[in-house]
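Let's take a walk through a protein model together. Keep the sequence and the 3D view open while you read.

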Amino acid sequence: MTAVDNQIHTYPFGPQLGLDEDPAYERARRAGTLTRVQMPYGSPGWLVTRYDDIKVVLSDPRFSRTATLGKDVARSTPAIETDMSILSMDPPDHTRLRRLVAQAFTMRQVEQLRPAIDEIIDDLLDRIEADGTTADLAQALTWPLPVRVICRLLGVPIGDHARFAQWTDDIMSVVSTDLELIVKARDGLIAYLAELIAERRAAPADDLLSRLIQARDQDQRLSEQELVVFGMTLLLAGHETTANQIGNFLFLLLSRPELWQRLVDDPKLVPQAVEELLRYTPLASAGNFPRMATEDVELGGTLVRAGDVVIVHVAAGNRDETVFENADRIDFDRDARAHIAFGHGAHHCLGHQLARAELQMVLTTLVRRFPRLRLAVPADQVPWRIERLVNGVSALPVTW
């Protein structure tokens with residue numbers, strides 16, 4: 001093993017400025033050992049930045065999510081996680097819940113959703129086009145699209161979006177020192193889902209929430225609290241991440257017009273471009289979702305002791321030069337399918353097929369309908385949502 005640097009580094013390394021990776025990540029990847037970090041909350045942990053090491057942590061059962069619950073471990077936000085959330089579970093409980101919903105996110109199911117997604121995209125773009133030759137794509141497209149899609153899939157009334165938007169904002173913030181505010185937001189969203197579940201019990205519909213209720217009431221495959229928390233998790237993950245990534249992708253393409261022009265000239269390149277943009281774009285502002293070693297493990301030149309906590313930063317792994325040559329360059333000719341933007345192992349993103357479909361379809365339609373799309377302000381004047389768990393533009397002014 002390489003000699004360990006015992007210095008404890010403050011983490012995140014610095015404020016996230018757009019989509020630029022902090023140089024400290026490259027230094028961490030080259031160090032030959034894991035990096036000891038102090039996050040805003042909890043005791044110090046090990047930061048994992050190399051591609052191969054990240055995949056080990058995400059797939060090796062010796063690194064447990066459940067073991068961190070109720071403990072003062074390294075994390076970006078106050079500890080409000082619950083053992084009822086699939087994000088905090090280890091197998092076999094995680095496997096049980098994942099199987100309940102996996103069928104809703106298969107390639108076949110996503111293909112059946114495509115006409116509905118196409119309809120939503122065309123409707124949003126028709127509205128944009130009718131308003132003139134300028135728009136804020138963040139407000140007019142990148143946020144409404146995933147919200148409408150996940151609401152249709154789950155069976156959540158789109159008119160209720162305003163009810164849960166503020167709760168989502170509060171939950172995803174990393175600056176609130178008021179734990180009570182975050183807990184209130186989480187409990188508000190849970191109460192909303194409990195109310196909606198009661199409505200669906202009385203009048204079932206052809207949606208995912210109704211099918212989960214059936215699994216709860218008839219098959220007893222999940223508890224009532226698991227049902228409610230599961231619905232909340234799907235609602236949050238289903239729109240917050242995809243909405244930010246659509247905006248991030250469009251910013252990258254429009255701030256580098258030669259990339260946009262390549263897709264205009266060859267729309268068939270979009271699926272491959274989406275994989276490369278997934279690899280390149282740092283969605284998470286920093287590593288999170290701590291895991292605890294349940295026994296001593298040698299990882300990345302470091303002996304991680306039983307009880308130690310590790311944090312992976314997937315975006316850093318996707319810039320690992322040992323895996324992706326010229327990793328800091330966007331290259332649409334690269335086969336980037338080995339990226340880990342959707343995670344790896346048991347917690348690999350359930351909705352990756354749906355997210356890919358939305359990203360591919362919105363880009364394909366945009367390059368067809370708005371080939372002359374361009375930023376309406378200099379790239380360095382595009383505003384960003386700051387101090388969030390995920391990166392994203394707060395506005396994307398464009399013209400065509």
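We can start with phenylalanine 251, which counts as buried at 10% relative accessibility; buried means under 20% relative accessible area, exposed means over 50%, and partly exposed lies in between (1.4 Å probe, protein chains only). Before going on, a word on the ground rules: this is a predicted model, where local features need pLDDT of at least 70 and side-chain atom pairs count only at pLDDT 80 or more, while totals for chains, interfaces and linings use all residues. Residues are numbered from 1 along each chain as its sequence is written, and side-chain values use heavy atoms, with hydrogens and water left out.

Now for the aromatic rings. How many aromatic pairs does a search of the whole structure find? The search turns up seven. Rings of Phe, Tyr and Trp (its six-membered ring) pair if their centres lie within 6.5 Å; planes under 30 degrees apart count as stacked, over 60 as edge-to-face and the rest as tilted. Take tyrosine 11 and phenylalanine 13: their ring centres are 5.0 Å apart and their planes are at 80 degrees, so this pair is edge-to-face. Tyrosine 11 is buried, with a relative accessible area of 1%, while phenylalanine 13 is partly exposed at 23%. Back at phenylalanine 251, its ring and that of tryptophan 384 have centres 5.0 Å apart and planes at 80 degrees, so here too the label is edge-to-face. This pair ties together distant parts of the chain, 133 residues apart: phenylalanine 251 is in helix H10 (residues 224-255) and tryptophan 384 is in strand E11 (residues 384-385). Helices (H or I, at least four residues) and strands (E, at least two) are DSSP runs, numbered from the N terminus. Ring pairs also link Tyr11, Phe13 and Tyr25 into a cluster.

Next, look at helix H11 (residues 257-265). Which of its residues are buried? They are Leu259, Trp260 and Leu263. These three cover an arc of only 100 degrees around the axis, which puts them on the same side of H11; the arc is that of the directions from the helix axis to the C-beta atoms.

Let's step into H12, where we find glutamate 276. Is glutamate 276 buried or exposed? With a relative accessible area of 0%, glutamate 276 is buried. Its side chain makes a polar contact of 2.9 Å with the side chain of arginine 279. A polar contact is a pair of N or O atoms within 3.5 Å; within protein, one must be able to donate a hydrogen and the other to accept it, and residues adjacent in sequence count only if both atoms are side-chain atoms. Leaving out residues up to four places away in sequence, glutamate 276 touches Arg329, Ile330, Asp331, Phe332, Arg334 and Ala336, where contact means heavy atoms within 4.5 Å. Arginine 279 has its charged end over the ring of phenylalanine 324, 5.3 Å from the ring's centre. For that label, NZ of Lys or CZ of Arg must be within 6 Å of the ring centre and within 35 degrees of the ring normal. Arginine 319 lies over the face of tyrosine 280, at 4.0 Å from the ring centre.

Now the strands, which pair if DSSP finds at least two bridges between them. Three bridges join strand E2 (residues 35-38) to strand E3 (residues 45-48), and the two run antiparallel. Valine 37 stands opposite glycine 45 in E3. The hairpin of E2 and E3 has six residues between the strands, and in it glycine 42 takes a positive phi near 85 degrees. E3 is also joined by three bridges to strand E9 (residues 309-312), and these two run parallel. Tryptophan 46 stands opposite valine 310 in E9.

Elsewhere, three strands form an open sheet in the order E5-E13-E10, with antiparallel pairing. Its edge strands, E5 (134-136) and E10 (374-375), each pair on one side only.
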